[in-house]
Amino acid sequence: MAFTDEQNEQIRNDLIRAARRCGITIGMRKTSVEQLTEAVGISKGSFYKFFESKELLFFAVLEDIHTECFAVAQKSLQENATLLPADRAAAAILAACRWLSKTKAFVFIENDADFLLHRLPEEVKTAHYHDDETHIRTLLEMGGLQPKGGMALAAATVRGLILTVSHQEQIGALYPQVLETLVRGACRELFA
């Protein structure tokens with residue numbers, strides 16, 4: 001049975017949502033194509049009309065996470081255009097960290113992203129994958145933020161701050177205040 005264009009788009013989106021849920025709860029490696037197709041109500045054979053492999057589906061999940069997180073930070077920069085650069089940068093980083101925490105997307109990134117990237121064909125990565133540093137540099141440049149110490153230091157610092165999201169439990173109940181302190185201090189240093 002052929003699907004309409006609208007059904008194709010809906011099924012593709014449903015597969016990505018199901019994969020994201022599985023990536024966060026049980027991990028990519030423990031997720032089977034059968035689980036994903038059952039979740040969206042299609043046959044296993046139909047799965048391959050949408051994605052050539054499970055890895056390419058999870059790559060779509062990773063791309064969506066990057067895109068959504070980037071959009072949250074970009075929106076924050078736009079909404080806070082009147083603030084000083086350090087405060088704008090801090091607001092954007094905090095918005096991204098809060099989004100990652102709320103959606104639990106960091107669980108998939110931490111547990112499966114490296115494994116996934118090693119399993120993808122090189123031509124897919126070359127054509128489509130942009131690492132965190134590329135996203136961070138683009139965000140800062142689009143926001144007109146010129147870090148002292150250079151873009152490489154700023155990108156590495158932002159990446160380090162974002163990585164704290166995956167250590168919330170170890171940091172404990174004061175994590176929100178710790179994150180705010182670290183982000184605001186780093187941004188004052190980078191964007192004074």
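Predicted model: local features only at pLDDT ≥ 70, side-chain atom pairs only at ≥ 80, totals over all residues.
The side chain of serine 166 reaches back to the backbone oxygen of leucine 163, at 2.9 Å. Serine 166 sits in the loop that runs between helix 9 (151–163) and helix 10 (168–171). Is serine 166 buried or exposed? Its relative accessible area is 16%, and because buried means under 20%, serine 166 counts as buried.

Now look at what surrounds this loop residue. If you set aside the neighbours within four places in sequence, serine 166 is in contact with Phe106 and Glu110. With glutamate 110 there is also a polar contact between the two side chains, at 2.6 Å.

Next, turn to helix 1, which covers residues 5–25. Helix 1 has 21 residues and spans 30 Å from its first C-alpha to its last, close to the 30 Å expected at 1.5 Å a residue. Several of its residues are buried, including Ile11, Leu15, Ile16, Ala18 and Ala19. What do the buried residues of helix 1 pack against? Their partners are helix 2 (33–40), helix 3 (44–50), helix 4 (54–79), helix 5 (85–103) and helix 6 (105–119). Here is a handy idea to keep in mind as you look along any such element: an α-helix has 3.6 residues a turn, so residues three or four places apart point the same way. Just after helix 1 comes glycine 27, which takes a positive phi of about 95°.

Helix 5 has 19 residues and reaches 27 Å from first C-alpha to last, close to the 27 Å expected at 1.5 Å a residue. Of those 19 residues, 14 are buried, so helix 5 is largely enclosed by the rest of the structure. Lysine 104 follows helix 5, and its phi is positive too, near 65°.

Let us move on to charged side chains. How many salt bridges does a search of the whole structure find? The search finds 11, and three of them are worth a visit here.

Arginine 20 is buried, at 16% relative accessible area, whereas glutamate 68 is partly exposed at 33%.

Another salt bridge brings together the side chains of glutamate 55 and arginine 119, at 3.3 Å from N to O. Because glutamate 55 lies in helix 4 and arginine 119 in helix 6, the pair ties together parts that are 64 residues apart in sequence. Glutamate 55 counts as buried at 16% relative accessibility, while arginine 119 is partly exposed at 47%.

Finally, find glutamate 180 and arginine 98, whose side chains meet in a salt bridge at 3.1 Å, N to O. Glutamate 180 is in helix 11 (residues 175–190) and arginine 98 in helix 5, so the pair ties together parts that are 82 residues apart in sequence. Glutamate 180 counts as partly exposed, at 26% relative accessibility, and arginine 98 counts as partly exposed at 48%. Which residues form a network here? Salt bridges that share partners join Arg98, Glu180 and Arg184.

Notes. Residues numbered from 1 in each chain as written. Heavy atoms only, no water. Helix = DSSP H or I, 4+ residues; strand = E, 2+ residues; numbered from the N terminus. Expected span 1.5 Å × (residues − 1). Buried < 20%, exposed > 50% of the residue type's maximum accessible area, 1.4 Å probe, protein only. Contact = heavy atoms within 4.5 Å. Salt bridge = Lys/Arg side-chain N within 4 Å of Asp/Glu carboxyl O. Polar contact = N/O pair within 3.5 Å; in protein donor to acceptor, adjacent residues only side chain to side chain.
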